[in-house]
Amino acid sequence: MTSSFPASTVLGYPRIGPDRELKRALESYWEGRSGRADLEETARRLREDTWRRLAALGLEGLPSNTFSYYDQVLDTAVLLGAVPGRYRHDDDLATYFAMARGAEGIAPLRMTKWFDTNYHYIVPEIGPDTVFSLDAAKPLAEVREARALGLETRPVLIGPVTFLLLSQAAPGSPDSLGSPDGFTPLDRLDDVVEVYARLLGELAAEGVGWVQLDEPALVADRTPAELAAVEAAYGRLGRLEHRPALLVASYFGDLGDALPVLAGTPVEAVGLDLVRGTAQGVDALAGKTVVAGVVSGRDVWRADLDRALATLHAARERAGRVTVSTSCSLLHVPYDAERETGLDPELRERLAFAEQKVAEVVELAALLTAAPDHPALGRHLPGPAAAPGRPRASRARTAEGRAPYAVRAVAQAEHLKLPLLPVTTIGSFPQTGELRRARAALAAGEIGEAAYESMVRAEIEQVIALQERLGLDVLVHGEPERNDMVQYFAEHLDGFAVTRHGWVQSYGSRCTRPPLLHGDVRRPEPITVRWARYAQSLTSKPVKGMLTGPVTIVAWSFVRDDLPLREVVFQVADAVREEVGDLEEAGVRVIQVDEPALRELVPLRRAEQAAYLEWAVAAYRWATSGVSEHTQIHTHLCYSDADEILAAIDALDADVTSIESARSRGRLLGAVGAFPRGLGPGVYDIHSPRVPGAGEVERLLTEALRTVPAERLWVNPDCGLKTRSYEQVEAALAHVVEAAARLRERHA
């Protein structure tokens with residue numbers, strides 16, 4: 001076992017490929033257009049390219065086991081043998097993807113957000129009878145793969161405490177097993193730690209010097225019992241006779257009460273996020289290596305090198321040994337800002353994507369070694385604070401009160417004349433290859449605006465006709481003109497820039513390109529009105545106007561850091577409010593303003609949550625409260641543990657709220673209680689290729705009716721249909737309409 005840690009490292013790196021090579025390989029494999037060997041070759045090449053590039057940039061500590069075909073938490077479940085029996089298959093990849101995406105007749109595991117990011121992880125199921133067994137093939141294979149290139153690596157794993165805290169009790173778990181409040185996955189800590197102990201033994205036998213165990217759950221509020229679990233887990237692993245040295249990495253905030261607990265265990269290094277957190281309590285780590293995360297892994301702005309170096313010197317003075325690192329994995333940023341040749345040069349100069357952040361880590365490590373007295377560098381390359389001009393002055397925004405929901409509900413019922421259990425969708429319909437190619441051709445100047453818009457109109461006509469034929473009640477135009485629910489609006493608002501290659505993984509093969517919100521936000525002209533008006537002209541049924549909410553637009557962008565986040569959100573809320581007003585004036589009777597990121601941005605510490613929720617709700621209400629009582633406002637939240645913020649969702653005061661429910665098997669319904677407005681718990685998991693049968697949908701709706709009165713229950717998928725094929729969508733929606741019709745007759 002070694003005690004020296006490299007001078008520079010990163011906690012993780014993007015894995016989808018600079019040109020989304022993994023996405024294409026996965027989707028080709030899933031669709032049967034290529035075989036396992038092709039997928040594995042793409043994966044091997046991406047890993048090799050990453051290690052070689054990190055080494056070429058001068059990074060000393062190279063991570064491994066950060067690659068995943070789908071998700072690192074799912075990988076950990078497989079590593080521990082925590083595979084529910086219903087997914088087991090002779091083919092290990094078939095088993096893996098069944099857990100992630102479902103299989104014939106089998107729903108996938110639940111999916112939710114990774115802390116306060118837009119990355120989604122697969123939620124493991126752990127029960128009192130789960131049999132754990134070590135499968136170390138993946139981390140060992142990657143160590144050997146890198147070693148064949150002449151490179152030594154540090155395997156990265158989800159730590160045992162975070163793994164169990166992020167898991168859910170398996171269906172059918174008993175009410176109690178060593179816990180006064182019933183069984184929780186953390187009750188299985190001793191068994192899981194024993195598997196980790198065996199893994200560390202195998203890695204030591206392989207000659208691995210260091211292992212990284214990620215414990216981001218420790219930056220949230222933890223109970224005394226959970227802190228005791230940390231002490232027990234790392235006390236046990238730290239006392240192993242034959243093991244690699246251990247780095248326990250935290251990120252997304254301060255360790256707080258967990259810091260002295262980790263300091264008291266025999267681990268050799270502790271990773272601290274010194275961008276979102278502070279160095280408070282770092283003195284307790286004297287004698288260990290502090291892996292100091294001074295380069296942000298969550299934004300795209302160049303680091304203030306002077307400030308980072310000062311932080312490093314302070315940490316070294318108080319704790320001793322210091323390694324320079326990123327604040328978290330670089331999974332959350334794009335690959336290389338130098339590829340963005342279409343951006344304004346002044347803006348591009350302020351950007352640092354993954355490659356530039358590695359270079360900053362390496363440079364800071366060299367400076368830390370060469371400058372013991374910390375001279376001023378004079379090389380501050382600021383982020384958006386250096387944007388030309390002054391930030392727009394803040395102004396008061398107070399939403400006028402809408403009529404009470406009971407009054408609005410009567411007015412909307414008379415105006416819309418909808419049946420019981422109205423069927424709708426969340427907004428988007430499949431984005432065909434033809435649409436994507438046309439959008440790319442328009443951007444390249446190969447076709448004109450008129451030809452492109454003609455194609456969009458034709459697609460809207462087909463989508464409206466399909467919904468009418470299937471019998472939906474509130475229609476959508478399908479959003480064929482939109483590349484993404486945030487990027488599309490960013491392209492039409494001042495203050496944003498969009499990238500060409502700035503892809504970031506959201507889950508599995510799904511990638512997004514977060515816009516760069518670098519200046520004051522304004523709406524020069526209406527954005528969605530003409531498409532909504534055109535769609536409504538094609539049908540007598542109501543067509544929803546579809547907008548993304550202010551919190552989500554900001555949350556899913558890389559945001560300037562020279563203004564409080566609240567003020568940036570309210571600038572976007574101003575623009576959304578203008579769009580809502582124009583939609584209503586154009587005769588749109590139902591307007592949906594989605595806020596799937598409302599839960600995502602909730603601070604990890606309880607002391608900070610109330611203030612955030614207060615202004616986030618206020619921003620939404622400002623954006624949506626300017627309409628008459630006859631106009632129905634919808635919102636949508638998905639895959640984000642919305643049950644934890646039900647009071648805030650209620651306070652949004654939307655007339656109808658649609659939520660994810662099918663994938664989590666109605667988990668939220670047990671918490672909603674007497675939700676006082678319209679509610680649409682999803683009955684079709686759109687993140688799986690499975691097509692639910694009418695009987696399955698009917699069972700989900702019957703369960704929902706136990707909680708939600710029929711007169712307030714809406715019928716809809718879990719999320720937008722953009723990622724599915726028309727064949728899947730048409731079959732699924734036909735079953736949804738059939739199930740709703742059966743129940744409508746029963747409750748008429």
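Two strands count as paired if DSSP finds at least two bridges between them. The views below show a predicted model.

**View 1. A five-strand open sheet with parallel pairing.** The strand order is E16-E18-E19-E20-E21. Strand E16 (544-548) and strand E21 (678-681) form the edges. Each has a single partner strand, so one side of each lacks a neighbour in the sheet. On average, neighbouring strands are turned by 20° against each other, direction ignored.

**View 2. Bridges from E18 to E16 and to E19.** E16 and E18 run parallel and are joined by five bridges. Lys544 has Val590 of E18 as its bridge partner. Strand E18 (residues 590-594) also runs parallel to E19, through three bridges. Here Ile591 is partnered by Ile633 of E19.

**View 3. Strand E19 (residues 632-637), a buried strand.** Six of its six residues are buried, so E19 is largely enclosed by the rest of the structure. In a regular strand, side chains alternate between the two faces of the sheet. Gln632, His634 and His636 point one way from E19. Ile633, Thr635 and Leu637 point the other way.

**View 4. Helix H7 (residues 189-205) against helix H8 (residues 224-238).** Their axes come within 10 Å and cross at roughly 30°. Angles under 35 degrees count as roughly parallel, which makes H7 roughly parallel to H8. The crossing of H7 and H8 is right-handed. H7 contributes Leu189, Val193, Glu194, Tyr196, Ala197 and Leu200 to the contact. H8 contributes Ala229, Ala233, Arg236 and Leu237. Eight of the contact residues are nonpolar, two are charged and none is polar.

Technical notes:
Residues numbered from 1 in each chain as written. Predicted model: local features only at pLDDT ≥ 70, side-chain atom pairs only at ≥ 80, totals over all residues. Heavy atoms only, no water. Axes fitted to C-alpha atoms, helices over the stretch in contact; angles between N-to-C directions. Helix = DSSP H or I, 4+ residues; strand = E, 2+ residues; numbered from the N terminus. Parallel < 35°, antiparallel > 145°, perpendicular 65-115°, else oblique. Left-handed = near helix turned anticlockwise from the far one by under 90°. Contact = heavy atoms within 4.5 Å. Nonpolar A, V, L, I, M, F, W, Y, C, P; charged D, E, K, R; others polar. Buried < 20%, exposed > 50% of the residue type's maximum accessible area, 1.4 Å probe, protein only.
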